[in-house]
Amino acid sequence: MTDFLLELRSQEIPARMQAGARADLEKLFRKDMAAAGVTVGEVTVWSTPRRLALIARGLPLATEAVREETKGPATSAPEQALEGFLRKTGLSKDQLEVRDLKGKDTYFAVVEKPGRAVAEVLAEVIPAIIRNFPWPKSQRWGAASFSTESLRWVRPLSGIVAIFGEQLVACEVGGIASGYVTLGHRFHAPGEITIGGAHDYADKLHLAHVLVNHEERQDIVRTKAREAAEAAGLVLVEDEGLVIENAGLTEWPVPLLGRFEEDFLEVPPETIQLTARVNQKYFVCEDAAGSLANAFICTANIVATDGGAAIVDGNRKVLAARLSDARFFWQQDRKTPLSEQAKKLERITFHEKLGTVADKVERVAKLAEWLAAEGIVPNCDPALARQAAELCKADLVTEMVGEFPELQGLMGGYYARAEGLPNAVADAIRDHYKPVGQGDEVPSAPVTVAVALADKLDTLRSFFAIDEKPTGSKDPFALRRAALGIIRLITDNGLRFGVAESDLLDFFVDRLKVQQKEAGVRHDLIDAVIALGGEDDLVRLLARVHALQAFVATDDGVNLLAGYKRAANILRKEDWKDKVDPSGDEDPMENVDHPDMKGVYAAQQDVTYAPEAAEQALLGAVAAAEPQAARAVEAEDFASAMSALATLRAPIDAFFDQVIVNDSDPVKRHARLALLDRFRAAVHNVADFSRIEG
């Protein structure tokens, strides 16, 4: 068993593409090797800005010999069938074997493939991997790039190291031949390095100031950045995405702390952090009080002789230029009131069928005001709700949001506060997009809730009205996310109103199932409550579902469900339609005084015969439980409704054990079917148990 090393060296690979490239390299390697009959065990894949490296451990020296047998036509089959089989297998007739198969002489093609040296397989696999590599973006280069058949790579490919054990795997791709030679750090060790194999690859690169293991570089960035902040008496604002990105930009990471002018702190802290993060890939720090400090941490790719002072100074100047722009935007935007900015929204199309953003804002303002005025959002001032809604999109036309779209809403809140608008209005503008994702904070301030809910409801209703609904995996207007946001706003704040009708309600229910699945709520129980109809209050719906889930987990619930399904099956087989008149009359009470119908109608009320003990017990239990469950549901005391159903568990079990439903006496038979129907109806006061699995 032998280890294999593959290094693909190029110009800088974007940090954001490296994780995907590592996964793709392993996937392609395993796939192509498996196709060649080589079983691959442990695989390690590393990346730096200038290389992808794969080490496969314990590969065999040769593949196993393979014997393949393919059944052909019978010898008596038409000549055309034989000719087709020969074309398929690539054999001649005299190379086929004839065997007896179920009394018929049948042709078989037998091909024996001898084992191959794995080194030969690797020599074929490496070019195939390189040519088929699925980079999100790639390029051609050099004179060969005039041909569409030329090699493509994320950046110009410059070297291939391919060593099986200590043997070179000779191959060539796009004029680049494999070898033993790689390059170290661009500045600390720019010369060539000869690799002996997988066993010394990482160590030799380490000596050349290249940490090929990306996870090791991430640990250094994470740890050293924190230590640099602590040494200055500050706290690092941790950012795992930035850790990964800085590790992907360096082969020898060295975090360094620098300072920028305190005057820039007049700019909102989120703006400073975003400027530092997005434009420069810097970390920011906070002081002991949790306020943003005038400090940044950059990650150098070299060990500087001056301790990094020149590097820090250069980065400080670049950051200062960026922060100067941010400060200019902040100062300029505040010269124009949000109400004036909002007028510019008339120039921006929201959707060709739904008008401008200004049109949307007006719809949201009316809806937010209504939610407040109707008391749906408690303790919400309708005037403040309308004011906040009218200004909630105004920052879209500001310079700051034009530069940093991620700050929409947030900057509107800052501008509103700077303008002296009420805090409730500023907060609502800031947070009206929330919640954005599953882990995002859900607003609870009344004005914010009204505007956030109105904004999302308008989006859903508007796009459904023009038949722009999500289909499959496509959701260009993020309507699923909007629905989840509405659900969380309603349920977290206990808002009571009918959220939607018809197909839009179905859409909400589907999203509710997704959300509640993560909370451990069964989708079939949601269906069981929804199936009864008329339930568009999400708070009440979930309360019923939670009570139902607790009930069906008990012995009473399990057994009652079994009894319900048995009753439902009997009624279905009898084609019971909630009436017991076998005559088929349109008015089932028309013949109520007819002697032949006396016992039938009595079965629905008081039986005219002496019922068996178990039958009488079920009659009494249903008579007591049905109104009790109905009253409990009306009072939204769903736990009590479940308790009422629990009293039916023992009587229904005893009924099925001791009573014959399909009695030869038609009066008894109809009365007992009617009793089962009443039992089913009592259960349906709470949920449609036919929708419950199990």
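Q: In which sense do strand β15 and strand β16 pair, and over how many bridges?
A: Keep in mind that this is a predicted model. Strand β15 (residues 283-286) and strand β16 (residues 292-300) are antiparallel partners, joined over three bridges. To see them side by side, find Glu-286, which stands opposite Leu-292 in β16.

Q: What order do the strands of that open sheet have?
A: The four strands run β13-β15-β16-β14, with antiparallel pairing. At the edges are β13 (235-236) and β14 (254-259); each has a single partner strand, so one side of each is left without a neighbour in the sheet. Helix α8 packs on this sheet, where it touches β14 and β16, and its direction makes about 125 degrees with that of β16.

Q: Which strands form the open sheet of three?
A: That one has the order β4-β6-β5, again with antiparallel pairing. Its edge strands, β4 (66-74) and β5 (97-101), each pair on one side only. On average, neighbouring strands here are turned by 35 degrees against each other, direction ignored. Between β5 and β6 (residues 104-113) there are five bridges, and Glu-97 stands opposite Phe-108 in β6. Helix α2 (residues 79-89) lies across β4 and β6, at about 165 degrees to β4.

Q: Which residues of helix α13 are buried?
A: In α13 (residues 410-418) they are Leu-410, Met-411, Gly-412, Gly-413, Tyr-415 and Ala-416. Their cover includes α7 (269-280), α8 (309-333), α9 (338-343), α12 (399-403) and α14 (423-431). Just after α13, look for Gly-420, with its positive phi of about 90 degrees.

Technical notes. Residues numbered from 1 in each chain as written. Predicted model: local features only at pLDDT ≥ 70, side-chain atom pairs only at ≥ 80, totals over all residues. Heavy atoms only, no water. Pairing = 2+ DSSP bridges. Helix = DSSP H or I, 4+ residues; strand = E, 2+ residues; numbered from the N terminus. Axes fitted to C-alpha atoms, helices over the stretch in contact; angles between N-to-C directions. Contact = heavy atoms within 4.5 Å. Buried < 20%, exposed > 50% of the residue type's maximum accessible area, 1.4 Å probe, protein only.
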